[in-house]
Amino acid sequence: MRTCVGCKRRALIGELLRVVAVAGRVVVDERRRLPGRGAWLHSDPDCLAKAERRRAFPRALRALGALDAREVREHVGRTTPHHEPGTSPGSRGFKEAGRPVMSQP
């Protein structure tokens, strides 16, 4: 389990992108093998926007100064699955353990 730096929700590693800082920019580590400290992010434009607004990348990656996230924006734009408005990647009707969410009476 890892925590998305954008929405702060916990998710399985397979559901998140690993990003690392390389020469003043944030890049997606698709193979999850690049050296250095990594941060985790849903492949969702909303999570990316929240992470950028909160300045989460420099803090999570322990980088000095601002980081350019252009490559991450392009990657998220290419790979974003379309979901219903008002839902997030983690709200598909299941809890973290895979059990269905039970409605309240």
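The largest nonpolar core holds 22 residues. Those with the most contacts inside it are Val-5, Val-19, Val-26, Leu-41, Phe-57 and Val-72. The elements giving two or more residues to this core are β3 (16-22), β4 (25-28), β5 (38-42), α1 (45-53), α2 (56-60) and α3 (70-79). A nonpolar core here is a set of buried Ala, Val, Leu, Ile, Met, Phe, Trp, Tyr and Cys residues joined through side-chain atoms within 4.5 Å. Buried means under 20% relative accessible area, exposed over 50%, and partly exposed in between (1.4 Å probe, protein chains only). In soluble globular proteins, nonpolar side chains tend to be buried together.

This is a predicted model, in which local features need pLDDT of at least 70 and side-chain atom pairs count only at pLDDT 80 or more, while totals for chains, interfaces and linings use all residues. Residues are numbered from 1 along each chain as its sequence is written, and side-chain values use heavy atoms, with hydrogens and water left out.

### Overall layout

The chain has three helices and five strands. Along the sequence they follow the pattern β-β-β-β-β-α-α-α. Helices (H or I, at least four residues) and strands (E, at least two) are DSSP runs, numbered from the N terminus. Of the 105 residues in the chain, 32% are buried. Among contacts with a separation of 6 or more, 56% join residues 24 or more positions apart. Contact means heavy atoms within 4.5 Å.

Start with Val-72. Not counting residues up to four places away in sequence, Val-72 touches Val-19, Val-26, Val-27, Val-28, Leu-41 and Leu-48.

How do α1 and α3 cross? Their axes come within 10 Å and cross at roughly 160 degrees. The two helices are therefore roughly antiparallel to each other. Axes are lines fitted to C-alpha atoms, for helices over the stretch in contact, with angles running from 0 to 180 degrees between N-to-C directions. Angles over 145 degrees count as roughly antiparallel. α1 passes α3 in a left-handed crossing, meaning that the near helix is turned anticlockwise from the far one by less than a right angle.

At the contact, Pro-45, Leu-48 and Glu-52 in α1 meet Val-72, Arg-73 and Val-76 in α3. These residues divide into four nonpolar, no polar and two charged. Ala, Val, Leu, Ile, Met, Phe, Trp, Tyr, Cys and Pro count as nonpolar, Asp, Glu, Lys and Arg as charged, and the others, Gly among them, as polar.

| Residue | Relative accessibility | Class |
|---|---|---|
| Glu-74 | 44% | partly exposed |
| His-75 | 9% | buried |
| Gly-77 | 57% | exposed |

Which residues does His-75 contact? Leaving aside its neighbours within four places in sequence, His-75 is in contact with Leu-17, Val-28 and Glu-30. Glu-74 and Pro-45 are 29 residues apart in sequence and 10.0 Å apart in space, C-alpha to C-alpha. Gly-77 and Asp-44 are 33 residues apart along the chain, with their C-alpha atoms separated by 8.2 Å.

### Positive phi in two loops

Lys-8 is not a glycine, yet has a positive phi of about 70 degrees. Lys-8 sits in the loop between β1 (2-3) and β2 (10-11). Arg-62, also not a glycine, has a positive phi of about 55 degrees. Arg-62 lies in the loop between α2 and α3. With a relative accessible area of 64%, Arg-62 is exposed.

Technical notes: Angles under 35 degrees count as roughly parallel, over 145 as roughly antiparallel, 65 to 115 as roughly perpendicular and the rest as oblique.
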